[in-house]
Amino acid sequence: MTLPVCLVGLWCVQTGLMEYSLISHNRYARSFSPVKKKLVLLGIMLFLWVYMAYSCVGYCSTMPSMMVDYRAKETQTAGKRTDNSGVDLMSKLLFKPQGWVDLETDYDEPPIRTASRDLLNDEVEIDRTEDWDEIRGEHKSPDQSPMSSFSNGSGSKKLPQAIIIGVKKGGTRALLEFLRVHPDIRAVGAEPHFFDRNYDNGLDWYRDLMPKTLEGQITMEKTPSYFVTREAPARISAMSRDTKLIVVVRDPVTRAISDYTQTLSKKPDIPTFESLTFRNRTTGLIDTSWSAIQIGIYAKHLENWLQYFPMSQILFVSGERLISDPAGELGRVQDFLGLKRIITDKHFYFNQTKGFPCLKKAEGSSKPHCLGKTKGRTHPNINPEVVQRLRDFYRPFNMKFYQMTGHNFGWD
Ligand SMILES: Nc1ncnc2c1ncn2[C@@H]1O[C@H](COP(=O)(O)OS(=O)(=O)O)[C@@H](OP(=O)(O)O)[C@H]1O
């Protein structure tokens with residue numbers, strides 16, 4: 001298309017210029033033939049018309065291709081089904097579609113729910129911003145590196161071979177974002193919630209959320225509510241008994257306060273942490289029906305998983321060490337996944353303002369990257385007596401958990 005247009009254009013311009021020079025040279029010598037004048041005019045008009053048509057074709061043809069590229073990137077990063085939908089990314093992210101990938105992590109699953117207390121934590125419909133910064137970041141700065149476009153275009157979508165199944169507020173987002181730096185890991189950014197909320201959509205739906213991977217690359221996702229979902233172990237095992245499971249665990253007391261802080265940030269009118277902790281404040285009876293408390297009874301939830309998976313297939317990451325020594329924990333995770341230790345100390349720096357380790361370069365970017373403001377919130381001060389009472393409550397469960405995992409996490 002370009003060559004003929006240019007030739008026509010050049011011819012017209014050349015003819016026009018020649019005629020112009022003829023006109024100017026012989027302006028006073030002889031009058032210019034009207035036929036030639038018309039021809040020149042026609043030539044210029046033809047040129048202009050061809051040029052405009054060409055510009056329009058060029059412009060229009062770039063539009064669909066831009067959309068295709070963008071959607072491909074979105075599918076890869078947010079895991080949304082977009083290839084045929086024609087719905088743009090922003091509207092999907094801003095207006096949560098029915099039964100779709102949720103941007104939040106916070107959803108307390110039935111095994112341990114009771115209606116009254118969980119109303120406090122019923123964040124299915126409200127907490128769509130919890131991981132927003134990270135997920136939005138993926139779309140804001142599409143990876144332009146040649147390697148990334150290579151991997152975007154080829155490969156195929158596979159069911160995840162490894163899943164971060166918990167725990168809520170354990171540091172799951174930090175772990176996933178750090179892992180994504182590894183060239184052999186491809187992960188969906190948003191939480192699919194397939195094995196708890198979206199199971200009826202079927203495995204094809206789930207697979208379609210995943211980014212494309214090449215041979216040897218591992219597909220991953222994270223949904224922290226799986227750990228406390230009674231049906232999740234059987235369902236994951238039915239997908240593949242070989243699925244590797246990763247659980248980021250954190251001191252259950254701090255985890256409960258973190259959970260409460262998150263709810264408080266969205267519902268400032270909820271009762272105090274202290275009043276929610278007790279079923280009966282006078283007797284000091286802990287309310288284990290409150291999900292913020294219930295999630296931290298790790299030993300109990302783990303028993304459910306061990307019905308379907310051997311311990312060797314579950315890796316426990318310390319949420320505390322993920323902050324104090326991210327490279328060390330990432331080393332363990334890479335070993336567990338059978339990957340080369342590519343993510344090392346060199347990838348992290350401690351950001352004083354944030355108060356947390358951050359990536360020197362995030363996936364697909366050359367800029368430093370810290371997690372968003374919903375990660376690392378300031379916790380409210382909790383009555384030390386209540387904290388102590390909770391410590392006493394969790395101690396036997398923690399001991400059991402250390403025994404089961406063969407690892408002392410040092411919470412007591
Ligand atoms: N590097 C880094 N940056 C920021 N935050 C970090 C990091 N590593 C771990 N954490 C801790 O992660 C806590 C949030 O955990 P999750 O990402 O699992 O939360 S969620 O369940 O997905 O909502 C979050 O909990 P809060 O401090 O209570 O906000 C952090 O303490």
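Author: The buried residues of helix 15 pack against helix 7, strand 6 (244-249), strand 9 (314-318), helix 14 (319-324), strand 10 (348-351) and strand 11 (356-359). Contact means heavy atoms within 4.5 Å. Helices (H or I, at least four residues) and strands (E, at least two) are DSSP runs, numbered from the N terminus. This is a predicted model, in which local features need pLDDT of at least 70 and side-chain atom pairs count only at pLDDT 80 or more, while totals for chains, interfaces and linings use all residues. Residues are numbered from 1 along each chain as its sequence is written, and side-chain values use heavy atoms, with hydrogens and water left out.

Reader: Which residues of helix 15 are the buried ones?

Author: Buried means under 20% relative accessible area, exposed over 50%, and partly exposed in between (1.4 Å probe, protein chains only). In helix 15, the buried residues are Pro326, Ala327, Glu329, Leu330, Gly331, Val333, Gln334 and Phe336. That is 8 of its 11 residues, so helix 15 is largely enclosed by the rest of the structure. For the protein of 412 residues, 48% count as buried.

Reader: At what angle do helix 7 and helix 15 pack?

Author: Axes are lines fitted to C-alpha atoms, for helices over the stretch in contact, and angles run from 0 to 180 degrees between N-to-C directions. Angles under 35 degrees count as roughly parallel, over 145 as roughly antiparallel, 65 to 115 as roughly perpendicular and the rest as oblique. Helix 7 (residues 172-179) meets helix 15 (residues 326-336) at about 70°, and their axes are 11 Å apart. The two helices are therefore roughly perpendicular to each other. Leu175, Phe178 and Leu179 of helix 7 make this contact with Pro326, Leu330 and Val333 of helix 15. By class, these are 6 nonpolar residues, with no polar and no charged ones; Ala, Val, Leu, Ile, Met, Phe, Trp, Tyr, Cys and Pro count as nonpolar, Asp, Glu, Lys and Arg as charged, and the others, Gly among them, as polar.

Reader: What are the classes of residue in the contact of helix 13 with helix 16?

Author: Helix 13 (residues 298-306) and helix 16 (residues 384-405) pack at about 35°, with their axes 8 Å apart. Tyr298, Ala299, Leu302, Glu303 and Leu306 of helix 13 touch Phe397, Lys400, Phe401, Met404 and Thr405 of helix 16. This contact has 7 nonpolar, 1 polar and 2 charged residues.

Reader: How should I read the backbone of the loop between strand 2 and helix 7, where Lys169 has its place?

Author: Most residues other than glycine have a negative phi, and most peptide bonds are trans. Lys169 has a positive phi of about 65° although it is not a glycine, and its relative accessible area of 12% makes it buried. Val167 lies in the loop between strand 2 (162-166) and helix 7, and the peptide bond from Gly166 to Val167 is cis, with omega near -10°.

Reader: Is His193 buried or exposed?

Author: His193 is buried, at 0% relative accessibility. This residue is in the loop between strand 3 (185-187) and helix 8 (203-209), and its phi, near 50°, is a positive value in a residue other than glycine.

Reader: Which residues does Lys354 touch?

Author: Leaving aside residues up to four places away in sequence, Lys354 touches Cys370, Leu371, Gly372, Lys373 and Lys375. Lys354 is in the loop between strand 10 and strand 11, and it counts as partly exposed at 22% relative accessibility.
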